[in-house]
Amino acid sequence: MRVASDLAKCQGYGNCVAIDERHFDLDDDGLVVVREEHVTQEERDTADEAIRSCPVAAIWLEDVR
Amino acid sequence: MSDHVVIVGASVGGVRTAQELRRLGFEGDVTVVGEESEQPYDKPPLSKQLLLGTQTEEEISLLGDGGWEAINTRAKLGTRAESIDIDSMVVSLSDGDELDYDALVIATGVRPRSLAPGLTDLDSVYTVREMRDSRALAARAALGPVVVVGAGFIGAEVASSLRNLGAEVTMTEALASPFARVFGREVGGLVTDLHRSNGVDLVTQASVNAIEKSGDQTLVRLVDGRVLEAATVVLGIGATPNSEWLENSGLKIGDGVFVDAGCAVLASGFGPHAEGVYAIGDVARQVDPGTNKHYRVEHWTNAVEQAHVVARQIVDPVATPEPLKAPYFWSDQFGTKIQMVGRPHESTSVSLHHFEAGGIERTAALYAYEGRLAAAVTFGWPRAIAACRSAWRTGTPVAEVLTKLRDLADRAKPVSA
Ligand SMILES: Cc1cc2nc3c(=O)[nH]c(=O)nc-3n(C[C@H](O)[C@H](O)[C@H](O)COP(=O)(O)OP(=O)(O)OC[C@H]3O[C@@H](n4cnc5c(N)ncnc54)[C@H](O)[C@@H]3O)c2cc1C
Ligand code: SF4
C-alpha cells in the first residue's frame, strides 16, 4: 500500500504527524508532506490510525498499481 | 464480547465508535441513537468553513460512502435517549422504544450555555452547535451589525468568519483581558490584537445584563449601563455537558460523566463501575492515571481518540487502555491557525517567542512547569506545534523545545504562496 495526500484539503492540523512520524511530516507552509510513500504490512495499523485522525480526510492509503 | 452496542449521540464521537468497532471486526449489532435529525456532520466547520461558504454540507458529512449500511449500523435519528437502567441494562428512548444493551456508549457532547431561558427563541439570538445555526448565521451576515457575547474560541471564530463576510462585529468579554481564561494574559493579548487589527470591536469588562428586541434592533444591555445595538447576537459563553438524562441512573456525574482510562463509567457512591457503560468525547470526564486528576476536554481530537479507546475496550475488555494523549486543539481565526497542545493552566510560567520562518512571522508561546513543557500555543506555524506535541509527550525541558523551534525556523524554506 502507499500513502496519498490532497494538499488542497490539508489544513495543517498535524494529527497525522503526531501519530505516524515515519510517513508524515509538515512543511513550512503547514501542509502535509509524505515522507515515505510505502507502507509495509507492519506499519499498516499506525498509518491507518494517522489517516483516520485527519479531520479533513486529506490523506489515504491506495493500492500500488 | 458484547452482542448489542448502543451508542447515544450521533456526532463525531458516536460515529467514530461505530466505524472503529466494525474496523476491529466486531460482529454484533450496533445501534446509534441521535437527537439531531440531520445525518451526522462534523462540528468544527460550523464556525469556520461552512459559515464562510468554503465547504459544503456534503463535505462535512461524517459518514463515508455507503452511509450507515457500510458500517452495518442501525441509526435512530431525531430520537433522544431519556434514561438508562444500569441493572437491567436498558436504555429508554423518546419514541417509547427500549433497547437492551450489552455495551452502552454515551457520546452526548455538550450544548451551548444561554444567558436566560428562552433567549435563543428570539429570532436574532443564536448559539452555534448545530448545522442549522451555521446556516442561519451565514444568511444573517448581510443584515447588519453583529454582537458576539463572550470571547471564547467559538465566539472568536464566528467573529472572524462574519467579519470576512462583511459584517460589522463587536465582541464582548466579561474579563479585562479576552482569551485569558485558556491562554493566560500575555498570549490572550495576541489573540486580542489579531481581532482588533481585523476590525473587531472588542469591548472588555462588559457583563451582559439583558438582551431584548426593540423593533428591528436587538439591544445588548451591559451591567454598567452601556447598550450595544445589533441585527444579530451570537452567544459564545461556554457549554454544559448533556448529562441530565443520566441523573438518578446510579452513574457518577458532575460536570460530565466520570470515566476511567478505558472510558468505562464510574458508578456513583462506592460501586466500582456500571457494567458495560462507557462515555467519550465532550461529555466525558476522564481520569489521568498518572496524576489521578479528571479532565473533560471539548476538543475534536480527544473525541476521536476516545472513540478508538472505547471500541477497543468493547471488543477486548481486558486490554490495557493506551495512556492519555496530549490534549490538542486548533482554531482558525482571520486566516491564522492557532494551535495548542497541553494545559496552559497547569503551568507556572510562559514565554513568548517570535521567529521568522520562510519569510513569515511566526509566534510560539511555551508554558513551563518545573522547567518542562506543560503547554504550547503557536500562531500560524503548524510545523512547530507538531514538534511541541511530541516534546509534550516526552516531558522535554522548555529550553530544548526552544532550540528545536529555532532550528526549524532557521531551516525553513521561503513559503510559496
Ligand atoms: C462551532 C464549533 C467549532 C468547533 N471548533 C473546533 C476546533 O476548531 N477544534 C477542535 O478541536 N474542536 C472544535 N470544536 C469541538 C468539537 O467539535 C467537539 O469536541 C466534538 O464535536 C465533540 O464530539 P462529541 O461526539 O463528543 O459531541 P458532540 O459533537 O457535541 O455531539 C453530541 C451529539 O449527541 C446528541 N445528543 C445529546 N443528548 C442526547 C440524548 N439524550 N439522546 C440522543 N442524542 C443526544 C447531540 O444532539 C449531538 O448531536 C468545535 C465545536 C463547535 C460547536
Ligand atoms: S491530519 Fe490531515 S489536515 Fe492535518 S496535517 Fe495531516 S493531512 Fe493535513
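A polar contact is a pair of N or O atoms within 3.5 Å; within protein, one must be able to donate a hydrogen and the other to accept it, and residues adjacent in sequence count only if both atoms are side-chain atoms. An oxygen atom of ligand 1 meets this with B:Asp282, lying 2.7 Å from an N or O atom in that side chain.

The model is predicted: local features need pLDDT of at least 70, side-chain atom pairs count only at pLDDT 80 or more, and totals for chains, interfaces and linings use all residues. Residues are numbered from 1 along each chain as its sequence is written, chains are lettered from A and ligands numbered from 1 in the order in which they are written, and side-chain values use heavy atoms, without hydrogens and water.

Stay with ligand 1. It has 35 residues around it, each with a heavy atom within 4 Å. Among the nearest are B:Ser11, B:Glu36 and B:Lys48. An oxygen atom of ligand 1 is 2.6 Å from an N or O atom in the side chain of B:Arg129. The backbone takes part too: a polar backbone atom of B:Ala81 is 2.9 Å from a nitrogen atom of ligand 1.

Now turn to where the chains meet. Chain B brings 28 residues to the contact and chain A brings 21, counting heavy atoms within 4.5 Å. About 1,900 Å² is buried between them (accessible area, 1.4 Å probe, lost on being put together and summed over both parts). Carbon and sulfur atoms give 40% of that area. On chain B, B:Arg23, B:Arg383 and B:Arg389 lose the most area to chain A.

B:Arg383 also forms a salt bridge with A:Asp28, with the closest N and O atoms 3.1 Å apart. The rule (a side-chain nitrogen of Lys or Arg within 4 Å of a carboxyl oxygen of Asp or Glu) finds five salt bridges across this interface.

Conventions. Buried area is the accessible area (1.4 Å probe) that two parts lose on being put together, summed over both.
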